[in-house]
Amino acid sequence: MEIKSHDLLASFMDLLMDAVLAVDSQGKIVVASAACERVFGYTPQEMVGRNMLEMVFPEDLDRTMQTANEVMSGNPLLYFENRYIRKDGQIVDIMWTARWSPEDQLRIGVARDITERKRAEALQAALYEISEAAYAADDLISLFARIHHIVGSLLPADCFSVTLYDEDKDQLTFPYLVDKLQWTEQAAKPAAGTLCAEIIRSGQPLLLTPEDIAAGGALMQSALEPHVLSWLGVPLKSQKGMIGVLTVKRYLGGVSYQLKDQELLQFVSTQIATAIERQKMQARLQQLAQYDALTSLPNRELLTNKLEAALRSAEREQRHLALLYLDLDKFKQVNDSLGHDAGDTLLQEVAARLKLSMRETDMVARLGGDEFVVLLQDISSPDQAAMVVEKLRGVLAQPFEIDGHRLAICPSIGIAFYPDHGQDRHALLKHADKAMYREKHHRDGLIYPS
């Protein structure tokens, strides 16, 4: 009668969607129901005799062992969640209910597969985090880094890349690429003949499994490294059209991407594209607000902010700085004789030369017209500032080729040194401005049209 009861109980166990297991005190599986194959990928016969802990996802092993000890101490377990590695290498989320049977010296556990539920929860959380990142990120690179972290919580990626597409040039750029093997900086290149070009052309995701890669042609062989196990790319589409491609890779020794991974990445790609477009728009607005449209130099507002910060730092650290106020002598003659387009071109060329002559810690700004200001940080003495002035005179003394005319332009430059000539922004700018006009009135700047 006991044998029949045992067989009847086993048959009922095999009807359950949840897996039922009996595990001894050492973690060895003694009994496994038929549902184990659906949940863990192993048949009951394959599971019996295995150590349960060998299947636990490594990051969850310590707390799983601690919980198992608590159960064997007589504390029933309800709704404990951890992760296991299936026979096919995929990760499965499990919710456990378990108790210890002192008579049998076994842990009896019921395992429910909650992978889809956890996936849905993670997906909703990811969408929220991507939306939040679009507002919180300071620039595109920091946005890409946050997206990398968010996507990494959804699916593993040995290599993660954001590729942006310029439709006018049919060109790809790679502003963000992180590889677990090495950082690979890639230059911009034509889109044609790349895997990304296939996604851009079709507007559809592309999943390459190990079988696809093994059977692939020349394109795959040239685009993928030999150690790539699986490759997945999804289009980034905004209201303005295709803006790029998001790609992830798995290397040999990992688990291949599957269709569900493609669907997941494709689902979040729209939100990611929206976040990228928003960040681009913010960057454009910031450019308009803080940079001169003609020369792309910082404008008066950005100079003010930078100067205020530099003065605070100089006061705190007992350092010096200098302001150079620069004006192009007789610049009006260029506009009057050659036209405003030539004048604009000259201003752009002057701005480019000034910018190339500065250290990274310095700033060149355009206040308007032909007036520029140079902020020199950490200058040790007025003599050092005067040396920079002479350097700039030499840089600008070289003739400019503007619309077929050879022009020589002479600048008037005034110097203000902190703290000698003022303690605040207004005093320093006023001193440098007056010094510039004193110089202008004492000599003539020359323009020689050829």
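Helices and strands named in these legends are DSSP runs, a helix being H or I over at least four residues and a strand being E over at least two, and they are numbered from the N terminus. The model shown in every view is a predicted one.

**View 1. The largest pocket and the elements that line it.** Strands β3 (77–85) and β4 (91–101), together with helices α5 (115–136) and α10 (259–290), each contribute at least two residues to the lining of the largest pocket. The space in this pocket amounts to about 770 Å³, and of the 29 residues that line it, those closest to the centre are Arg83, Ile91, Leu154, Leu155 and Pro156. Sorted by class, the lining comprises ten nonpolar, eight polar and eleven charged residues. Because domain 1 (2–113) and domain 2 (118–290) both give residues to this lining, the largest pocket lies between them.

**View 2. The three domains of the chain.** The domain assignment divides the protein into domain 1 (2–113), domain 2 (118–290) and domain 3 (300–442). Taken over C-alpha atoms, the centres of domain 1 and domain 3 are separated by 75 Å.

**View 3. The hairpin of β1 and β2.** Strand β1 (residues 19–24) pairs with strand β2 (residues 29–32) in the antiparallel sense, over three bridges, and Leu21 has Ala32 of β2 as its bridge partner. The two strands form a hairpin with four residues between them, and in the turn Gly27 has a positive phi of about 95°.

View 4. Six strands make an open sheet in the order β8-β7-β6-β11-β10-β9, and their pairing is antiparallel. At its edges stand β8 (189–190) and β9 (206–208), each of which pairs on one side only. Within the sheet, strand β10 (residues 228–238) and strand β11 (residues 241–251) are joined in the antiparallel sense by ten bridges, with Leu232 standing opposite Val248 in β11. Helix α6 (residues 140–152) packs on the sheet and touches β6 (159–166) and β7 (171–179), its direction making about 55° with that of β7. Helix α10, for its part, lies across β6, β9, β10 and β11 and runs at about 45° to β10. In the loop between β6 and β7 lies Asp170, a residue that is not a glycine and yet has a positive phi of about 50°.

View 5. Strand β12 (residues 321–328) runs antiparallel to strand β14 (residues 371–377) and is joined to it by seven bridges, Leu324 being placed opposite Val374 in β14.

View 6. Pro419 itself is found in the loop between β17 and α15.

How values were computed: Residues are numbered from 1 along each chain as its sequence is written. This is a predicted model: local features need pLDDT of at least 70, side-chain atom pairs count only at pLDDT 80 or more; totals for chains, interfaces and linings use all residues. Side-chain values use heavy atoms; hydrogens and water are left out. Domain bounds come from an automatic or database domain assignment. Two strands pair if DSSP finds at least two bridges between them. On a 1 Å grid over the protein atoms alone, a cavity is a set of points where a 1.4 Å probe fits but cannot get out, and a pocket is an open set with protein on both sides within 12 Å along at least five of seven lines; lining residues have an atom within 4 Å of a point. Grid points are joined across faces, edges and corners, and a volume is the space filled by probe spheres set on the points. Ala, Val, Leu, Ile, Met, Phe, Trp, Tyr, Cys and Pro count as nonpolar, Asp, Glu, Lys and Arg as charged, and the others, Gly among them, as polar. Contact means heavy atoms within 4.5 Å. Axes are lines fitted to C-alpha atoms, for helices over the stretch in contact, and angles run from 0 to 180 degrees between N-to-C directions.
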